[in-house]
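Please have the sequence and the structure open while reading.

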Amino acid sequence: MSMERFAEAEAAFKAGDAGRGIALTEAELEADPKAPLALYKNLGGLLFRKQLYAQTERWMRTAVEVYPRDLDLWNFLGVALRRLGRHDEAIKALTQAEKLNPKSAAVLSNKGNVYNDVKNGPASVETFTKLVRLQPTVAEYQRGLGRGHWYSGDLDKAVMRFNLATKLKPDLTDAWLDLTAVTSDHKGPLEALPIFDRAIAANPDNIKLREAKGMALRRSGRLREAETYFTEQLAQHGDQAWIHFNLGGTIIDYDRPRGNAHLEKAVELEPTKVDYRLALAESLGRTRYGDESEHLERAYEVLKGAIGEGETLAAAPLKVAMEIIVRLADYDRIDALGSFTEIGDRWVAAGRHTALLSHLARVRTPQDRLELVAMHRRWGEMVDTAVAKWPVRRPGPRPDNGKIRIGFMSSDLRAHPVAYFAMPLFQHYDRSRFEVYCYSYYEGETEDVTQKRITELVDVFRWRKDVGDHDAAQMIADDQLDMLIELGGSTHMNKISVMAFKPAPLQASWLGYPHSAGLATIDHLILDPYVCPPSRELVIEEPLKMPRSWIAMGEMAFPQRPITETIPQTRNGFLTIGTANNPYKYSRDMVRTWARVTAAIPDSRFMFVRPESGTPSFRKNITALFEAEGVSPERLRFEDVRGAHMPFYNEMDMSLDTFPQTGGTTTCEALWMGVPVVTLVGEAMFERLSYSILTNAGLPDLCAQNEDEFVQIALKLANDPVRRQELRTGLRGMLQASPLGQTQQFAADFYEMIQGAVDRAKAAGKIAVAA
């Protein structure tokens with residue numbers, strides 16, 4: 001087996017042309033695999049260093065056929081398969097290597113690392129124990145054993161091994177990070193802070209450790225302490241990108257202008273850092289000060305510069321990308337991000353419950369609905385398992401004063417639609433029968449008028465910023481509620497995971513998240529006969545049904561705004577269809593259906609009343625979809641508006657609902673302003689919100705069962721100006737007389753429902769009763 005046939009390849013390598021050298025070597029091996037052992041070893045090492053793992057695997061498989069008893073070749077094959085994520089095959093290759101030399105530290109270490117990759121704790125412990133016996137003073141092996149104990153659930157032994165690793169090698173950063181992580185997992189995030197101080201004292205110039213300490217403060221909910229910490233880092237170490245990045249991310253929820261400035265600086269200092277660009281894009285997409293549409297368009301450009309075409313994104317960047325792209329109606333780019341199942345599974349695996357809200361609008365089939373339920377359930381199981389390690393203290397039953405103590409938990413108990421819809425419950429409750437407690441984690445600096453009003457109405461209002469989930473749960477448990485109702489799901493600044501600690505004996509979800517949350521600790525989902533899915537498979541919790549409507553329209557949400565009594569068609573000479581719904585509820589097929597309706601009504605217009613309307617990208621993408629259905633650009637109207645949208649209903653003849661995720665607040669707003677809404681009714685809760693509103697309002701004929709019927713109902717309404725004129729002047733009165741407008745009756749029904757649920761729970765022994 002002469003090396004002469006590889007001379008040209010060797011010359012290429014010596015000339016520094018590794019690509020040509022590899023290609024020539026591979027060509028010779030294709031012709032005749034019989035080559036010297038040293039050549040295979042050199043080729044394997046080179047391919048691996050260049051991260052060409054698939055090629056490494058290919059040639060190492062060929063090599064072990066020629067040299068089946070060479071340990072190094074099997075080891076190369078194993079590590080290449082590990083990098084390719086094919087862990088079972090990697091274990092088989094490394095086991096073969098281990099048979100050739102059971103005491104090879106390299107092989108045992110690689111095998112143990114694979115077991116740790118897949119979190120097979122017992123197998124990792126067995127493998128690294130052999131290594132530690134062979135070489136007890138190697139810190140990396142002690143760390144590997146610690147990870148094995150961690151994944152086996154033996155946290156005390158894990159802590160002991162990580163401590164030993166840091167003593168053996170004080171600069172082993174990953175061992176310190178493992179030690180802080182397992183301590184946080186075992187005893188809570190605050191217990192890890194002193195360990196960070198020790199680690200930083202031993203490694204004062206280690207950026208990774210200093211950054212991790214600040215992140216630990218953020219994760220524990222101590223945002224102001226984290227802000228102080230990163231500000232001190234900035235003063236001590238100067239303009240470093242990682243400090244600006246973390247400082248910006250810490251303060252963004254309560255000081256977005258300053259947060260954006262720090263994120264901008266981080267990107268300026270390190271423009272190639274993808275995480276920094278994604279954080280800036282996400283924040284710009286959520287920026288409401290100044291010109292919102294300009295911020296959003298820039299967010300889109302920053303995002304496109306951060307992710308490559310066809311790139312498979314991890315859960316965090318995928319969430320950022322979806323939030324921005326869907327608002328700009330770039331459906332081709334959305335499709336390229338992955339299938340419904342792929343995206344949902346990625347989010348669940350990373351614990352990204354918040355992202356699932358944007359997934360509702362992507363449901364297309366009955367199977368999608370069931371998968372969505374399964375995704376929420378899997379997320380709930382993950383959280384339930386995690387919090388089981390940190391149970392809250394449970395006080396004994398409180399003295400019986402004859403009242404039911406009910407808590408409402410939401411960070412939206414302020415100037416927000418959630419607060420407006422919940423307000424009747426705070427205004428109209430029988431204080432002789434109920435005590436009402438409220439819990440908010442809103443990160444804003446000041447109390448607004450709505451929050452102040454709620455504080456005045458209820459028995460107790462606890463506003464806790466900078467609080468972790470466990471401490472929030474303990475605070476609620478200490479209040480000894482009979483029932484806790486969460487109103488926000490995992491939407492911005494809410495803490496759905498608090499419910500996993502079961503701080504109240506009876507728990508329910510209502511209002512803010514139109515789907516089962518997924519936690520087994522939530523007993524009920526509050527619904528009504530219309531919004532409740534027909535199939536029990538689509539609700540995880542036990543439905544708790546209101547007799548009529550699950551919401552009511554209080555005066556704070558729906559004040560007496562003026563209505564222009566003449567329909568716009570009469571005033572303008574053409575019919576105007578409109579929407580103020582959030583584009584995260586849009587889809588390509590839905591927009592096309594809107595366009596079909598518009599195209600079928602001669603000279604009609606379609607108006608978008610959204611801040612996204614100010615962006616060139618949204619207008620371009622929406623216009624293209626309407627043009628494809630025969631609607632020319634001049635028939636589209638884009639109003640760049642946030643917050644001041646209500647007067648624009650005076651310029652709409654009718655509104656078309658989003659689907660499959662329907663409107664809620666926007667449907668109520670349109671009806672309140674005399675604008676009828678056509679909706680499409682689906683099977684899941686989020687597909688039935690407008691169905692409930694319209695049916696309770698006395699307009700069930702505007703509810704379609706399929707897309708063709710949706711178009712037919714819309715066209716019939718468009719061709720009936722007499723009815724639209726009647727609704728323009730009469731709808732508000734219809735609403736006020738309906739279950740939606742009877743706020744006192746709504747509150748009475750709600751608390752009667754709660755009374756029944758609590759009584760049943762007491763009878764079943766779920767709520768302890770004081771002797």
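## T25 in helix 2

Helix 2, which spans residues 18-31, contains T25. The model is a predicted one. T25 has a relative accessible area of 4%, and because buried means under 20%, T25 counts as buried.

Leaving aside residues up to four places away in sequence, T25 is in contact with F6, A9, F13, L39 and L43.

## L164 in helix 10

L164 belongs to helix 10, residues 155-168. Is L164 buried or exposed, or partly exposed? Its relative accessibility is 30%, so L164 is classed as partly exposed; that class lies between the limits of 20% and 50%.

A139 is 25 residues from L164 along the chain, and the C-alpha atoms of the two are 7.4 Å apart.

## S497 in a loop

S497 sits in the loop that connects strand 4 (483-486) with strand 5 (506-509). With a relative accessibility of 17%, S497 counts as buried.

Which residues does S497 touch, not counting those up to four places away in sequence? They are W379, V383 and D469.

## The second largest pocket

The volume of the second largest pocket is about 400 Å³. Its lining is made up of 23 residues, and those closest to the pocket centre are P397, L481, P505, I767 and A768.

By residue class, the lining of this pocket holds twelve nonpolar, four polar and seven charged residues.

Key
Residues are numbered from 1 along each chain as its sequence is written. This is a predicted model: local features need pLDDT of at least 70, side-chain atom pairs count only at pLDDT 80 or more; totals for chains, interfaces and linings use all residues. Side-chain values use heavy atoms; hydrogens and water are left out. On a 1 Å grid over the protein atoms alone, a cavity is a set of points where a 1.4 Å probe fits but cannot get out, and a pocket is an open set with protein on both sides within 12 Å along at least five of seven lines; lining residues have an atom within 4 Å of a point. Grid points are joined across faces, edges and corners, and a volume is the space filled by probe spheres set on the points. Ala, Val, Leu, Ile, Met, Phe, Trp, Tyr, Cys and Pro count as nonpolar, Asp, Glu, Lys and Arg as charged, and the others, Gly among them, as polar. Helices (H or I, at least four residues) and strands (E, at least two) are DSSP runs, numbered from the N terminus. Buried means under 20% relative accessible area, exposed over 50%, partly exposed in between (1.4 Å probe, protein chains only). Contact means heavy atoms within 4.5 Å.
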